[in-house]
Amino acid sequence: MKFPFRLLLCFVVAFSAGCATQPPTPSAATSVSAPKAAPAPLLLISIDGYRADYIERNQSPVLASLAKDGVKAESMQPSFPSLTFPNHYTIVTGLRPDHHGMVNNTMRDPQLGEFTLSNREAGADGRWWAQGTPLWETAGRSGLKTATMFWPGTEAPIHDYRPDHWRPYDAAVTPDQRVDQVLEWLDLPADQRPSFLTLYFDDVDHAGHEHGPDSPQVNAALGKVDAALARLVDGLKQRQLFDHINLILVSDHGMASAPAKNSVMIEKLIPLDHVQTVSKGVLAGFNPKPGYDFAKIEAKLEKPQKHMQCWDKTRVPARFIYGNNPRVPQLLCLANVGWHITTKADQAKKLKDGKLSLGEHGYDNSDPSMQALFVAHGPAFREGAQLPSFPNVDVYPLMTHLLQLAPAKNDGDFDAVKEALKPGM
Ligand code: AMP
Ligand code: ZN
Ligand code: ZN
């Protein structure tokens with residue numbers, strides 16, 4: 001055992017409901033009424049790109065056993081667009097991307113300029129994230145400690161606030177190392193120990209892009225992440241924490257097979273030097289360029305297209321809940337599932353760099369291939385419960401409920417997920 005018995009005892013007691021020795025943590029929800037027991041810690045785990053049906057491949061035995069002893073949703077619907085940064089920020093804010101402002105992985109802001117995943121400076125600039133209030137901020141301001149083993153947004157001071165413990169994103173940190181970091185944080189002395197934690201895995205998404213969702217490489221990545229979950233469960237059991245911690249396991253979106261030959265070459269349709277191109281890929285975005293007739297370009301692209309659909313941002317179908325944010329480009333083109341929107345030059349460069357992808361996401365968030373994962377396990381959750389599919393904005397009110405926090409304004413619906421909880425929780 002890595003830590004002294006006294007610490008272990010304090011640990012279990014502190015995380016048990018009804019603990020008499022641990023003063024309750026004040027929070028917005030509890031400070032006015034009779035003191036309540038401190039909430040059980042909550043660990044939010046994301047397996048990027050884990051499509052809802054992957055769990056049936058028998059490559060995720062630990063995840064399947066958490067689902068069997070806990071709660072599993074048929075699937076969880078991502079928000080539009082079904083991309084990584086928009087959906088991770090939705091999960092921790094309960095806001096649709098149009099409302100939290102992370103409207104794409106690649107975007108332009110009239111004041112802030114350009115945002116891309118590889119622009120670490122932009123990712124660490126809190127102004128990009130400030131339209132939403134992430135859970136670690138609400139929890140921290142209410143007196144709970146927080147720790148994030150990667151999550152989009154955690155590298156930025158948002159409203160001048162950061163998680164108590166966080167690590168700069170580094171794809172080279174292995175799944176096991178990520179788990180060990182979380183366990184280390186749970187070993188901290190009571191006054192520093194986090195009540196809300198995140199843990200993020202990217203192997204499944206990487207394999208899905210590189211080799212396609214039906215590849216043996218995706219199955220291997222499922223196994224690798226599941227082995228890390230086994231390490232986590234073992235570590236929690238060693239600390240006698242497994243029955244005292246609430247785990248929520250989600251993904252941000254699914255993955256569709258998208259061979260490179262399925263490419264719309266956008267320059268064949270419009271003169272690219274007449275527009276400002278904001279994004280390409282699955283969801284392409286264009287803004288007007290001074291001196292050029294944008295209405296003509298819009299009229300051309302909004303006509304029916306074989307492998308994509310384009311709209312002025314004011315005409316995006318209502319079900320996407322998208323298009324009001326100033327960061328959404330004026331004209332959007334959404335590829336049909338399995339297609340890319342690119343240019344000849346981009347494709348040639350990707351081919352040269354060996355980066356042509358065989359899998360994609362970002363498509364219509366109601367498509368079956370885009371559906372995500374939801375599994376929950378722990379003292380608050382029912383055992384062996386199945387939930388119907390629900391939208392990912394609902395995870396946020398579930399989490400604020402578990403942590404006894406007053407939720408920030410959000411688009412979620414607690415009633416849609418409360419069936420996940422044991423009676424009285
Ligand atoms: P995409 O598949 O294009 O939506 O982007 C997903 C990729 O974003 C992942 O595979 C990671 O490599 C990368 N990523 C995930 N989290 C972060 C982060 N916090 N900071 C920078 N990049 C990240
Ligand atoms: Zn993703
Ligand atoms: Zn991806």
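Which helices each supply at least two residues of the shell around ligand 1? In this predicted model, the helices that do so are α3, spanning 84–93, and α9, spanning 203–211.

## The shell around ligand 1

The residues surrounding ligand 1 are T84, F85, N105, L117, P152, Y169, Y200, D205, H206, H209 and H361. Of the elements that take part, α9 gives the most to this shell, contributing three residues, while α3 is the other helix named as supplying at least two. Sorted by class, the shell holds five nonpolar residues, five polar residues and one charged residue.

## Polar contacts and burial

The side chain of Y169 has an N or O atom 2.9 Å from an oxygen atom of ligand 1, and for H361 the corresponding distance between a side-chain N or O atom and a ligand oxygen is 3.0 Å. In the case of D205, a polar side-chain atom lies 3.1 Å from an oxygen atom of ligand 1. Ligand 1 exposes 500 Å² when taken alone, and the protein buries 84% of that area.

## The largest pocket

The space taken by ligand 1 is the largest pocket, whose volume is about 1800 Å³. This pocket is lined by 50 residues, and those closest to its centre are N105, T106, L117, H209 and K350; N105, L117 and H209 also belong to the residues that surround ligand 1.

Elements that each supply at least two residues of the pocket lining are α3, α5 (120–123), α9, β16 (340–342) and α12 (344–352). By class, the lining of the largest pocket comprises 16 nonpolar, 21 polar and 13 charged residues, whereas the shell around ligand 1 has five nonpolar, five polar and one charged.

## The enclosed cavity

The largest cavity has a volume of about 30 Å³, and its lining is formed by V103, N104, T106, M107, V278, S279, Y322, R327, P329 and L332. By class, that lining has six nonpolar residues, three polar residues and one charged residue.

How values were computed
Residues numbered from 1 in each chain as written. Chains lettered and ligands numbered in written order. Predicted model: local features only at pLDDT ≥ 70, side-chain atom pairs only at ≥ 80, totals over all residues. Heavy atoms only, no water. Near = heavy atom within 4 Å. Polar contact = N/O pair within 3.5 Å; in protein donor to acceptor, adjacent residues only side chain to side chain. Areas by Shrake-Rupley, 256 points an atom, 1.4 Å probe, with all protein chains shown as cover. 1 Å grid on protein atoms, 1.4 Å probe; cavity = no way out; pocket = protein on both sides within 12 Å on 5 of 7 lines; lining within 4 Å. Sits in = over half its atoms within 2 Å of the grid points. Helix = DSSP H or I, 4+ residues; strand = E, 2+ residues; numbered from the N terminus. Nonpolar A, V, L, I, M, F, W, Y, C, P; charged D, E, K, R; others polar. Points joined across faces, edges and corners; volume = space filled by probe spheres on them.
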